[in-house]
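Keep the structure open beside the text and follow along.

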Amino acid sequence: MNPSHMNAGAPVSPRHGSMADWLRAKVGGGLVGTLAMALAIIIFALIIFGPLTNMLLWAVTERWYFPHTFPMQYGFEFWHRVFKPTGTAWLSLQYSLVIAVLTVMFCLALAVPAGYALARLRLPARSLILLLFLVPQAFPNIPVHINIARLFYEFGWHGTVPAVVLVHTLHGMVYAVWISTAAFSAVDPECEAAARDIGAGPIRTFFTISLPSAFPGLIASGIFVFLESLDEFTGTYFVGAPEITTLPMLMFRAGMEGNYQIASITALLLLVPSVLFMFVVERFLKADVLAGVGR
C-alpha cells in the first residue's frame, strides 16, 4: 500500500506542520474554519501585543485620563524627565548593567569548570548535583531573600553591589551550569581524544578543543544570566534597597506611585536588550547543545 494513501486522513501534528495547518485540521475547512482560525490568531496577537501596545502608548503619553480610550496628548516630556542629568534613571541603569556584567562573570567562572566536570567526568551523583542547582527555584523567593538579607545585615554587606551580585548569582547559576553542561556534552569526545593522542595535555586540550567548541553554548548561557540579572527585582529589593536602585526597582516604584509614563519607559529599556539578545541566543543555542542536558 502506498504510504501517502495511509496518511491521507491522518490529522496534522504541530510538530510536523505549521500551527495554521494544525488549526485547519482541527476546525476543518470552509468559512467556519477560516473564521475560527482568524479568531484564534487575533486572540493570540492580543495576548502578546496588547500589553506591549499599552506600554508603548504610555511611553509617549503626556495626558491620558478616564474615560478617554486613547491618550489626549502625546509627547516626550517624560523621556526628558527620566534621562535628565539630575534624575535617577542613569544611575539605576549603571547599577543594572554593572551588576549584570559582574553576575555573568561570576556565574561563568563557577559554571565553566562545573559544567565541564559534569559533562566529562564520571560523577556518581551527576543528576543529583544538577538537580541541586534547581533548588533555589523550588522555594518562594521572598522568604529566601528575607533570610539572606538578615545574614547580610549581620555581616554589614547590605546595600552593597557585591551583596546584590551574590543574590543574582544564586538565580543565574541555574542557567549557567545547566547550559554549560549541555554545551560541553555536545563537544565531540573524539576530537579531544585525537588531541590527547598527538601529545596535548588535559589543560591544553581543554583550551584548544573543549572550550572553543563549547563557546557558543557558553555565550548563550551568559546571555541568559545577564537577562535574569537585569530583570531581577525581589532579591535586589531586600538586599540592596535603598542604597542600590536598579531599573526594575525604579519601574516598580514609579508604577506604585502612579507614574505610568516613567514605569513604561523603564520597562521599554528593559525590554529592548531582552529582545535583541534572544536573537543572539537563537543563533548560538542549537538543538544539539540542548540535547546534551539529559545525557
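In which helix does Ser180 lie? Ser180 belongs to helix 9, which covers residues 161-185. Helices here are DSSP runs of H or I with at least four residues, while strands are E runs of at least two, and both are numbered from the N terminus.

A word on the ground rules before going further. The model is predicted, so local features need pLDDT of at least 70 and side-chain atom pairs count only at pLDDT 80 or more, whereas totals for chains, interfaces and linings use all residues. Residues are numbered from 1 along each chain as its sequence is written, and side-chain values use heavy atoms, with hydrogens and water left out.

**Around Ser180**

Is Ser180 buried or exposed? Its relative accessibility is 0%, so Ser180 counts as buried; the scale runs from buried (under 20% relative accessible area) through partly exposed to exposed (over 50%), using a 1.4 Å probe and protein chains only. The Ser180 side chain reaches the backbone oxygen of Ala176 at 2.5 Å. Such a polar contact is a pair of N or O atoms within 3.5 Å; within protein, one must be able to donate a hydrogen and the other to accept it, and residues adjacent in sequence count only if both atoms are side-chain atoms. If neighbours within four places in sequence are set aside, Ser180 is in contact (heavy atoms within 4.5 Å) with Ala111, Gly115, Tyr175, Leu218 and Ser221.

**Salt bridges**

How many salt bridges does the count give? The count comes to three, where a salt bridge is a side-chain nitrogen of Lys or Arg within 4 Å of a carboxyl oxygen of Asp or Glu.

| Glu77 | Arg81 | 3.8 Å |

What does the bridge between Glu192 and Arg120 tie together? Glu192 lies in helix 10 (residues 189-197) and Arg120 in helix 5 (residues 89-120), so this pair links parts that are 72 residues apart in sequence. Glu192 is buried at 9% relative accessibility, while Arg120 is partly exposed at 24%.

Glu77 and Arg81 both sit in helix 4 (residues 77-83), four residues apart, which is about one turn of the helix. Glu77 is partly exposed at 35%, and Arg81 is partly exposed at 43%. Glu154 and Arg150 are both in helix 8 (residues 141-155), again four residues apart, about one turn. Glu154 counts as exposed at 56%, and Arg150 as partly exposed at 45%. An α-helix has 3.6 residues a turn, so residues three or four places apart point the same way.

**A nonpolar patch**

Turn next to the surface. Leu128, Leu131, Leu132, Leu134, Val135, Phe139, Val144 and Leu170 make a nonpolar surface patch of about 650 Å². Patches are built from residues with over 30% relative accessible area and no salt bridge, joining like charges within 9 Å and nonpolar side chains (Val, Leu, Ile, Met, Phe, Trp, Tyr) within 5 Å. Accessible areas come from the Shrake-Rupley method with a 1.4 Å probe, and for residues only the protein chains shown count as cover. Helix 6 (residues 126-132) gives the most to this patch, with three residues. Leu128 lies in helix 6 and is partly exposed, with a relative accessible area of 48%.

**Helix ends and a cis bond**

Which residue caps the N-terminal end of helix 10? Asp188 does, with a side-chain oxygen 3.1 Å from the backbone nitrogen of Glu190. After helix 10 comes Gly199, whose phi is positive, near 110 degrees. The peptide bond from Ala241 to Pro242 is cis, with omega near 0 degrees, and Pro242 is placed in the loop between helix 12 (234-240) and helix 13 (247-256). Most residues other than glycine have a negative phi, and most peptide bonds are trans.

**Tyr260 and the cysteines**

Tyr260 lies in helix 14 (residues 260-284) and is partly exposed at 45% relative accessibility. Apart from neighbours within four places in sequence, Tyr260 is in contact with Trp58 and Gly255.

Finally, a search of the whole structure finds zero disulfides, a disulfide being a pair of cysteine sulfur atoms within 2.5 Å. Cys107 is buried at 0%, whereas Cys191 is partly exposed at 39%.
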